[in-house]
2 protein chains.
Amino acid sequence: MSTSRGPGRRPGSPDTRAAILDSARGLFAERGLKGTTIRAVASEAGVDPALVHHYFGAKDDLFLAALEIKVDPRQVMAPVIAAGVEAAGENLMRVVLRVWDDPEIRLSLLAIVRGVFDREGQRMVRDGFLGIVLGPVGRGLGLDRADERMVFVASQVFGLIMLRYVLEVEPLASMPADLVISTYAPTLQGYFTDDLPS
Amino acid sequence: MSTSRGPGRRPGSPDTRAAILDSARGLFAERGLKGTTIRAVASEAGVDPALVHHYFGAKDDLFLAALEIKVDPRQVMAPVIAAGVEAAGENLMRVVLRVWDDPEIRLSLLAIVRGVFDREGQRMVRDGFLGIVLGPVGRGLGLDRADERMVFVASQVFGLIMLRYVLEVEPLASMPADLVISTYAPTLQGYFTDDLPS
DNA sequence: GTCTATAAATCGATAGAC
DNA sequence: GTCTATCGATTTATAGAC
């Protein structure tokens, strides 16, 4: 599908490159950064280990490439902010479930969550997930004590993600999305709008 | 401090052995199993790497030794069950905070949580934390749809632990225990006793 | 583009001297 | 009990042939 015939060939066959990236995403999501070897990525993709370096460079570069998400967090969260604080709990839950139930997005998100415990990824979730994703929501909704409220919200969302998608604990993992939403929406709504203890 | 003079010397000087174990617990809690090397444990303890094997055998044995907790989960949870379902939310929160705010216990618990993402430790938390710690609570309180309710409870407790003790997200990490308890107790109480969506 | 061969570093584990 | 020396296995990464 190359659109240019001129000199300077595009680096790598698209099929092989995509196969390596898919294999890497799955293994990083399942075993984390340290638990995944270049050899395992190459083996599952059916190519030579040297090709992985040829296409993606060092192991860390491959990891970063596997973390690329196909959604813009700010764009996804914008409707939640726009809809106002009165229904923020349910709206946020709908967004979370919709993003995480997308199998392709989920692999990248799982790799990110797993990466938290390997690298200095603590910052990636603390500054990324909270600062970029949930921080603007708290400010956009005009909450009082926004930092506290959003941390409470984050703790419930993160715990749900861990049990449903990472640890796959039943009956939560197999629960229909609607039931999950209607269960957790009141909790989040409480953190958004209820009076906070002093 | 040896109490026996007879033959068969006790294996290892208590000081050195304890130093290795403390170093291992801290590193396992901070970097997980794969991220911790025998050499790093020995270096931080100020001893030779060979001594680690001498005292604890293989690396997995050292990891298991570092996971030893000084509390019996069933014993800690018994009062929560005995106090009844009407105050289970607050009582459970008190237990969680008391155990996790103990610095010595926390290191072992952190090592366990970190270990989840290395080994097949998924089972250790899924069957251990849920099956042993929270499972009996749900049954002991005589809840209807106990499995669902306890998974909801677990998701909030686990998320709180992750943000407060593992990721150390502010302002939750520095929040006084009483404020944390009074914030999350109503949420847990709701999962215990509120009507569940169908 | 793909693969062989190998360099270079790291780690777990053991044997054995003191 | 403690440490030196080292083996053997893995892994990342590179150089270069085809």
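For the core I take a set of buried Ala, Val, Leu, Ile, Met, Phe, Trp, Tyr and Cys residues joined through side-chain atoms within 4.5 Å. Buried means under 20% relative accessible area, exposed over 50%, and partly exposed in between, with a 1.4 Å probe and protein chains only.

Source notes. This is a predicted model, in which local features need pLDDT of at least 70, side-chain atom pairs count only at pLDDT 80 or more, and totals for chains, interfaces and linings use all residues. Residues are numbered from 1 along each chain as its sequence is written, chains are lettered from A and ligands numbered from 1 in the order in which they are written, and side-chain values use heavy atoms, with hydrogens and water left out.

Entry 1, core. I looked up which residues touch the most other members of the largest nonpolar core; they are F192(A) and F192(B), in a core of 143 residues. I then listed the contacts of F192(A), leaving aside neighbours within four places in sequence; among them are V85(A), A88(A), L92(A), L141(A), R149(A) and V153(A). Contact here means heavy atoms within 4.5 Å. In soluble globular proteins, nonpolar side chains tend to be buried together.

I counted 10 helices and 0 strands in chain A. Helices (H or I, at least four residues) and strands (E, at least two) are DSSP runs, numbered from the N terminus. Of the 198 residues in chain A, 49% are buried. Among contacts in chain A with a separation of 6 or more, 69% come from residues 24 or more positions apart.

I checked α7 (residues 103–116) against α9 (residues 146–166) in chain A: they pack at about 115 degrees, and their axes are 12 Å apart. Axes are lines fitted to C-alpha atoms, for helices over the stretch in contact, and angles run from 0 to 180 degrees between N-to-C directions. From α7(A), R106(A), L110(A), V113(A) and R114(A) meet M162(A), Y165(A) and V166(A) of α9(A). I sorted the residues of this contact into 5 nonpolar, no polar and 2 charged. Ala, Val, Leu, Ile, Met, Phe, Trp, Tyr, Cys and Pro count as nonpolar, Asp, Glu, Lys and Arg as charged, and the others, Gly among them, as polar.

How much area do chain B and chain A bury between them? I found about 3400 Å², with 71% of it on carbon and sulfur atoms.

Most residues other than glycine have a negative phi, and most peptide bonds are trans. I noted a cis peptide bond between E170(A) and P171(A), with omega about 5 degrees; P171(A) is in the loop between α9 and α10 (177–193) of chain A. A cis peptide bond also joins E170(B) and P171(B), with omega about 5 degrees.

R145(A) has a positive phi, near 50 degrees, and is not a glycine. R145(A) sits in the loop between α8 (122–140) and α9 of chain A, and at 34% relative accessibility R145(A) is partly exposed. E168(B), also not a glycine, has a positive phi of about 55 degrees. I placed E168(B) in the loop between α9 and α10 of chain B; E168(B) is partly exposed at 46%.

Conventions: Buried area = accessible area lost by both parts, 1.4 Å probe.
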